[in-house]
Amino acid sequence: MKVAVLNNGCIKEECMHDNIMDKMKKNGIERASSLDESDYLIYITCAGVGDTIIKELKEIQFFDYYSKEKDFKVILVGCLVINHGYLFDRFKDSDNIKIINDKEWVIPTINYINDMNKRNTFREKLLNRTRHLDMTDVGIQFMMQEGCHNKCTFCKVHYIDQNFSSLPYELALKYLTDLIRTKGTKVIALGGDNLTLYGLDLYGKKTPS
């Protein structure tokens with residue numbers, strides 16, 4: 001089994017990319033070096049700006065055609081699929097395209113490829129928010145929150161209209177402490193769409209993280 005991965009996503013999707021690569025390795029799935037040798041292509045979308053969206057839709061249209069010629073499946077995941085699913089209506093009847101509109105798409109993708117039925121655990125959600133800054137996990141970036149209430153007209157978060165949510169402090173602290181103890185992590189960069197708003201949804205006030 002060989003799977004190609006094309007990542008057009010932002011830093012948040014980079015976390016998911018790290019996790020899908022780890023899951024592929026653990027499940028004996030080899031990363032393909034070209035489409036011609038692929039059984040699947042995981043295409044990670046981005047809803048950042050209009051030019052990016054147009055480019056991605058053109059690429060996906062090409063992959064829809066090319067996958068039929070070369071006999072591989074295209075799996076569409078990521079921000080654009082989740083927030084603007086109507087853009088992919090044209091591909092719903094394609095036998096070669098699988099659209100996964102789950103925000104936590106790593107486990108559903110592995111389930112589809114390996115015909116499994118694993119569940120998305122809370123630990124998986126934490127892994128989906130962890131970006132590895134090196135090969136040994138000495139440094140990581142961890143996403144503590146997503147969404148923003150400010151609605152700045154220049155910011156893509158405003159147009160994506162993503163729900164505001166913060167990770168519970170106690171669960172994040174335990175997870176990060178375990179990484180320090182088991183992986184030797186020394187540098188943790190906390191991130192989010194607007195980290196200054198962390199905790200508003202959980203504690204009713206901004207909470208320093």
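Trainee: What follows α1, and what is its phi like?
Mentor: G28 follows α1, and its phi is positive, near 70 degrees. Keep in mind that this is a predicted model.

Trainee: And α1 itself, how many residues does it have?
Mentor: Helix α1 has 16 residues, 11–26. From first C-alpha to last it reaches 23 Å, close to the 22 Å expected at 1.5 Å a residue.

Trainee: Which residues in α1 are buried?
Mentor: E13, C15, M16, H17, D18, N19, I20, K23 and M24.

Trainee: Why do residues three or four places apart point the same way in an α-helix?
Mentor: Because an α-helix has 3.6 residues a turn.

Trainee: New topic. Where is T45 found?
Mentor: T45 is in strand β3, which covers residues 40–45.

Trainee: Buried or exposed?
Mentor: T45 is buried, because its relative accessibility is 0% and the cut-off for buried is under 20%.

Trainee: Which backbone nitrogen does the T45 side chain reach at 3.2 Å?
Mentor: That of L80. A polar atom of the T45 side chain also lies 3.4 Å from the backbone nitrogen of V81.

Trainee: What else does T45 touch?
Mentor: Leaving out residues up to four places away in sequence, its contacts include G9, E13, I60, C79 and F88. E13 is also one of the buried residues of α1.

Trainee: Let's jump to D193. Where is it?
Mentor: D193 sits in the loop between β9 (187–192) and α8.

Trainee: What does the side chain of D193 make a polar contact with?
Mentor: With the side chain of K12, at 3.2 Å. The D193 side chain also reaches the backbone nitrogen of G147 at 2.6 Å.

Trainee: How many residues apart along the chain are D193 and G147?
Mentor: They are 46 residues apart, yet their C-alpha atoms are separated by 5.7 Å. Beyond four places in sequence, D193 also touches Q145, E146, V157 and Q162, among others.

Trainee: Last one, the surface. Which residues form the nonpolar patch?
Mentor: Y169, L173, L202 and Y203, with about 340 Å² of accessible area together. α7 (169–183) and α8 (200–203) each give two or more residues to that patch.

Trainee: What about L173 on its own, where does it lie?
Mentor: L173 lies in helix α7. L173 is partly exposed, with a relative accessible area of 42%.

Technical notes. Residues numbered from 1 in each chain as written. Predicted model: local features only at pLDDT ≥ 70, side-chain atom pairs only at ≥ 80, totals over all residues. Heavy atoms only, no water. Patch = residues over 30% accessible without salt bridge, like charges linked within 9 Å, V, L, I, M, F, W, Y side chains within 5 Å. Areas by Shrake-Rupley, 256 points an atom, 1.4 Å probe, with all protein chains shown as cover. Salt bridge = Lys/Arg side-chain N within 4 Å of Asp/Glu carboxyl O. Helix = DSSP H or I, 4+ residues; strand = E, 2+ residues; numbered from the N terminus. Buried < 20%, exposed > 50% of the residue type's maximum accessible area, 1.4 Å probe, protein only. Polar contact = N/O pair within 3.5 Å; in protein donor to acceptor, adjacent residues only side chain to side chain. Contact = heavy atoms within 4.5 Å. Expected span 1.5 Å × (residues − 1).
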